[in-house]
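Thanks, everyone. I would like to walk you through one model today, going from a single helix out to the sheet and the domains, and ending with a few backbone details.

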Amino acid sequence: MVYPVRSRRSRGISIGINLFPHKKVCDLDCIYCEVDNPGTSGIQPSSELLKSELQQYFTEIKAGRLFTNERINDIAFSGDGEPTISPMFAEAVRIAAATRAEFANRELKLVLITDALTLHRPATRAAVEELLQHNGEIWAKLDAGTEEYYKIVDRGNAPLERQFNNIREFGIIHPLVVQSMFLRVHGVPPPEAEVDAYIDRIRKLIADGVKMIRIDAYTVARPTTESYATALADAELDAIAARVRAAIGPRPPVETYYSKS
Ligand code: SF4
């Protein structure tokens with residue numbers, strides 16, 4: 001359930017928590033999804049397992065036997081699905097917070113990587129607000145400007161408007177990072193009109209008072225669920241990021257994560 005990675009976006013080591021080691025469970029079906037979990041691991045998620053694995057990693061880190069001289073940036077809820085729909089999400093937040101307190105690293109963040117589709121639910125809100133009290137940070141997905149493109153790329157049952165409104169309502173109260181995937185679909189990069197619609201949404205979020213820490217624009221970096229979902233060239237991603245920057249100004253910053261860097 002716990003998997004450390006060297007993370008580009010964390011700029012250091014990120015200790016990942018996977019609440020779905022047994023199989024992928026998500027409320028989206030993104031064409032670019034990089035989760036490869038056929039459901040054969042035989043590992044059942046549990047509080048005990050999570051606690052014990054976190055303890056093991058942090059004991060090794062504290063003793064200087066693991067990631068020596070590397071910065072441990074965060075404990076991140078990510079893994080093989082949408083963390084907030086796990087029945088043990090709230091408990092897992094408490095366990096991660098307790099681990100962070102025990103290892104007494106005030107800089108260590110608790111990061112939630114989420115598709116934002118459940119942020120309107122009181123139970124999710126309560127758990128996320130607890131996470132925020134422990135140097136938490138939310139990275140919320142927004143991949144599309146139009147419902148039509150969202151259905152092509154994210155293939156969600158819930159409407160894009162729900163994701164957008166959840167980011168809006170949550171982000172007005174709590175600062176968050178917006179993370180957006182830009183890619184080729186059947187060889188075709190995001191159409192101009194789609195990028196315009198995405199930029200309109202970002203501008204509306206900012207105008208409405210969303211406290212956006214930054215926008216992470218990224219592209220495909222690993223094998224995807226659908227082979228027709230492929231990476232943009234660096235220059236193509238740069239061009240989209242430049243259009244966003246031109247529309248919103250220097251704040252929030254737009255950072256780019258390429259296919260091979
Ligand atoms: S939200 Fe994440 S885990 Fe779920 S399908 Fe999309 S990329 Fe995969």
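Predicted model: local features only at pLDDT ≥ 70, side-chain atom pairs only at ≥ 80, totals over all residues.

Residues are numbered from 1 along each chain as its sequence is written, and side-chain values use heavy atoms, with hydrogens and water left out.

Coming back to H5, its buried residues are Leu160, Gln163, Phe164, Asn166, Ile167, Phe170 and Gly171, where buried means under 20% relative accessible area, exposed means over 50%, and partly exposed lies in between, with a 1.4 Å probe and protein chains only. Seen down the axis of H5, these buried residues fall within an arc of 160 degrees, so they line one face of the helix; the arc is that of the directions from the helix axis to the C-beta atoms. What do the buried residues of H5 pack against? Their partners are helix H3 (122–132), strand S5 (136–141), helix H4 (147–153), strand S6 (176–181) and helix H6 (192–207), with contact taken as heavy atoms within 4.5 Å.

Now to the sheet, which is open and is formed by eight strands in the order S1-S2-S3-S4-S5-S6-S8-S10, with mixed pairing; two strands count as paired if DSSP finds at least two bridges between them. Strand S1 (2–7) and strand S10 (254–257) stand at the edges, and each has a single partner strand, so one side of each is left without a neighbour in the sheet. On average, and with direction ignored, neighbouring strands of this sheet are turned by 25 degrees against each other. H6 packs on the sheet, where it touches S6 and strand S8 (212–218), and its direction makes about 165 degrees with that of S8; axes are lines fitted to C-alpha atoms, for helices over the stretch in contact, and angles run from 0 to 180 degrees between N-to-C directions.

Within the sheet, please look at S3, which is mostly covered, six of its six residues being buried. S3, residues 72–77, runs parallel to strand S4, residues 109–114, and is joined to S4 by four bridges, with Asp74 finding its bridge partner in Lys109 of S4. Strand S2, residues 12–17, also pairs with S3 in the parallel sense, over five bridges, and here the bridge partner of Ile15 is Ile75.

Helix H2, residues 89–102, has buried residues that include Phe89, Val93 and Ala97, and what covers the buried residues of H2 includes S2, helix H1 (47–62), S3, S4 and H3. Just after H2, Ala104 takes a positive phi of about 50 degrees.

How is the protein divided into domains? The assignment gives domain 1 (1–141) and domain 2 (144–261), and such bounds come from an automatic or database domain assignment. The C-alpha centres of domain 1 and domain 2 lie 22 Å apart, and 28 residues of domain 1 are in contact with 40 residues of domain 2.

Inside H6, Val195 is buried, with a relative accessible area of 2%, and, leaving aside neighbours within four places in sequence, Val195 is in contact with Pro190, Ile240 and Arg243.

Finally, the backbone details. The peptide bond from Arg251 to Pro252 is cis, with omega near -5 degrees, and Pro252 lies in the loop between H7 and S10. Arg11, in the loop between S1 and S2, has a phi near 55 degrees, a positive value in a residue other than glycine, and Arg11 is exposed, with a relative accessible area of 52%. Arg155, in the loop between H4 and H5, likewise has a positive phi, of about 50 degrees, although it is not a glycine, and at 25% relative accessibility Arg155 counts as partly exposed.

Key: Helix = DSSP H or I, 4+ residues; strand = E, 2+ residues; numbered from the N terminus.
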